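Visitor: I'd like to go through this model with you. Can we start with the pocket?
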There are 2 protein chains.
Amino acid sequence: MIDIKQLQYFVTVAELQHVGRAAEVLNMTQPPLSRQIHLLEEALGASLFVRHPKGVSLTPAGECFYKDAQHLLSSLSQACQNVRDVAQGKAGKLSIGFMMHAAYSIIPKLTKKFMTAYPDVALHLQEVIPSELMKRVQAGEFDAAVMLHPQQIQGVGLIKLCESALCLALPLDHPLTQKSKLSGDDVALEPFIATPHNVAPELRGALQSYAHQYGFEPKVILETQLQQSIINLVAEGLGLALIPEILTKVQFPGVAFRPLQNAPSVEYVMIWRQDSLNPVLSRLVESVESGLEI
Amino acid sequence: MIDIKQLQYFVTVAELQHVGRAAEVLNMTQPPLSRQIHLLEEALGASLFVRHPKGVSLTPAGECFYKDAQHLLSSLSQACQNVRDVAQGKAGKLSIGFMMHAAYSIIPKLTKKFMTAYPDVALHLQEVIPSELMKRVQAGEFDAAVMLHPQQIQGVGLIKLCESALCLALPLDHPLTQKSKLSGDDVALEPFIATPHNVAPELRGALQSYAHQYGFEPKVILETQLQQSIINLVAEGLGLALIPEILTKVQFPGVAFRPLQNAPSVEYVMIWRQDSLNPVLSRLVESVESGLEI
DNA sequence: TATCACGATACAAAAAAGGTATTAAGGATG
DNA sequence: CATCCTTAATACCTTTTTTGTATCGTGATA
């Protein structure tokens with residue numbers, strides 16, 4: 001059976017055209033090298049060298065095999081490098097799920113920093129509704145996810161990314177846009193658009209408890225799973241919504257944002273499967289741990 | 001040091017996800033296979049498998065290395081096939097020199113037959129003046145050559161390709177074109193264009209001896225190394241020339257061909273270095289030996 | 001809790017590779 | 001033309017590596 005060692009022996013002999021000198025270079029003596037070359041020729045079923053009294057030279061078959069052997073050897077060392085890179089998380093694949101809120105500042109910042117540090121990692125970014133994120137991380141479908149701080153964190157690692165106060169999103173032509181700061185009392189009778197409780201309990205809960213704080217039950221007239229839709233529906237004049245401030249950097253046509261008195265805030269975190277085998281994940285966590293400045 | 005055997009072991013284990021069954025497939029027992037996998041992991045500096053109680057599965061690094069290892073193994077077997085093909089002359093390079101006379105029927109027939117039989121051989125065809133051919137075959141610059149039958153054939157193999165009678169090439173507007181067959185007496189006083197003796201002694205000698213047969217010394221007014229030029233100069237009306245019939249199948253503008261009484265003939269042969277190491281050469285000789293029908 | 005299936009480990013046996021000494025063969029040299 | 005020199009090949013022994021047998025440790029499963 002052919003052997004990597006034999007390929008290296010062969011290449012060395014081919015380059016020096018001299019078995020004895022090749023043996024020196026290979027830190028061995030001449031006879032075993034001769035023997036290995038013969039074994040290789042036998043295994044290939046072709047003679048690779050012409051033996052001259054002053055050395056050896058390649059036959060046409062040897063020339064052909066020399067090229068192939070060089071490629072094989074360099075491919076092998078490349079493969080070794082690849083596997084090391086992947087094992088150390090310098091290369092590989094990483095899938096990250098995130099909720100829409102993260103799309104405008106957290107995910108861009110995070111991916112830019114990470115991709116700069118690890119250009120050989122292929123990132124797969126996917127936006128899904130918040131309630132999916134934890135499930136799919138635990139199921140191993142995502143290596144990590146950017147989401148609101150969850151209640152249950154079993155089996156996952158977690159790191160806080162940022163906190164964002166909620167503010168009021170209202171249609172541009174709404175009378176309340178006249179005021180620069182609003183309180184619960186201002187909006188007690190207003191219709192609200194919100195995410196269903198099972199999609200993003202933290203967000204829906206924040207609306208609920210903020211309203212209770214001001215002694216009213218929020219009139220939620222529309223529920224929608226997609227966060228993007230909430231803002232679009234506000235723009236259509238169908239109601240108000242509580243939106244984290246990190247979204248207000250973006251211009252949404254037809255929507256105004258106003259700060260809230262005693263505004264509740266939500267916390268954004270990155271989670272990941274604790275028992276993940278993907279070495280890239282550790283690099284991502286390190287990258288996030290070393291600071292993100294959102 | 002990493003070893004082909006280890007790659008095969010690794011690929012088998014990766015595919016079966018089971019060390020014991022892989023060992024069966026590989027016709028060995030489980031412990032040495034386990035050990036080789038460990039050695040491979042150690043050599044690579046990365047763990048390739050996760051050990052489960054019901055078998056093993058690839059780590060991300062293992063997945064990466066699995067792809068690379070498959071490529072390496074198939075590249076290796078391709079390389080082995082290549083070297084065998086080259087050794088048997090089924091693939092490789094073959095350089096053939098030829099004189100212009102062969103360009104119009106011998107070389108096309110020969111190359112078509114050979115290339116059809118051996119599509120993986122790269123043919124290098126080069127036309128040079130006749131006197132160069134033998135030298136360059138002996139020097140190893142050409143594997144073979146198509147030329148006129150030489151005097152000296154030391155160190156070369158030779159096979160006859162065809163014989164061609166010489167005929168007269170004369171300008172279209174020459175008075176002798178009226179006659180359909182010519183003899184030496186008709187051309188005794190005509191000016192001739194011929195190749196110098198040192199370029200193609202056989203051709204020049206044929207003109208000489210044919211003239212002597214009819215009792216005259218040919219009046220060679222122009223000599224030119226390139227055979228193509230001879231025909232061009234005839235077309236210009238500068239003189240007559242003796243041309244082998246195998247060239248008369250081609251239309252040369254301004255030139256008429258007429259058969260000669262008692263025409264001398266020349267023999268075309270293929271020669272090759274007897275001690276050539278190129279296995280393709282043997283296939284060429286076989287191909288020519290089995291008949292060419294020119 | 002006992003059993004089962006699997007991979008890991010220990011150690012002896014076998015095979016392979018390497019080293020030393022020598023031979024054989026082809027040029028170069030006197 | 002004999003001799004020497006260089007180089008690869010061969011013979012034989014030693015060392016290293018690989019394999020096989022027997023056994024162990026460990027999670028899952030019933």
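Predicted model: local features only at pLDDT ≥ 70, side-chain atom pairs only at ≥ 80, totals over all residues.

Visitor: What volume does the largest pocket have?
Guide: The largest pocket comes to about 470 Å³. Its lining has 20 residues, and the closest to the centre are Lys93(A), Asp143(A), Asn278(A), Pro60(B) and Glu63(B).

Visitor: How do the lining residues divide into nonpolar, polar and charged?
Guide: Seven residues of that lining are nonpolar, seven are polar and six are charged.

Visitor: OK, on to the contact between the chains. How many residues does it take from each?
Guide: Chain A puts in 27 residues, and chain B puts in 27 residues.

Visitor: And what area is buried between chain B and chain A?
Guide: About 2500 Å², with carbon and sulfur atoms giving 79% of that area.

Visitor: Which elements of chain B touch chain A?
Guide: Those giving two or more residues to that side are α1 (4-16), α3 (30-44) and α4 of chain B. Helix α4(B) gives the most, with 15 residues. By type, the side of chain B that touches chain A has 21 nonpolar, three polar and three charged residues.

Visitor: How many salt bridges are there across the interface?
Guide: The rule finds zero salt bridges between chain B and chain A. There are five residue pairs in polar contact between the two chains, counting pairs with both residues at pLDDT 80 or more.

Visitor: What's the salt bridge count for the structure over all chains?
Guide: Over all chains, the structure holds 18 salt bridges. One of them joins the side chains of Lys135(A) and Glu132(A), at 3.5 Å from N to O.

Visitor: Where do Lys135(A) and Glu132(A) lie?
Guide: Both are in helix α6 (residues 130-138) of chain A. Lys135(A) and Glu132(A) are three residues apart, which is about one turn of the helix.

Terms used
Residues numbered from 1 in each chain as written. Chains lettered and ligands numbered in written order. Heavy atoms only, no water. 1 Å grid on protein atoms, 1.4 Å probe; cavity = no way out; pocket = protein on both sides within 12 Å on 5 of 7 lines; lining within 4 Å. Points joined across faces, edges and corners; volume = space filled by probe spheres on them. Nonpolar A, V, L, I, M, F, W, Y, C, P; charged D, E, K, R; others polar. Contact = heavy atoms within 4.5 Å. Buried area = accessible area lost by both parts, 1.4 Å probe. Salt bridge = Lys/Arg side-chain N within 4 Å of Asp/Glu carboxyl O. Polar contact = N/O pair within 3.5 Å; in protein donor to acceptor, adjacent residues only side chain to side chain. Helix = DSSP H or I, 4+ residues; strand = E, 2+ residues; numbered from the N terminus.
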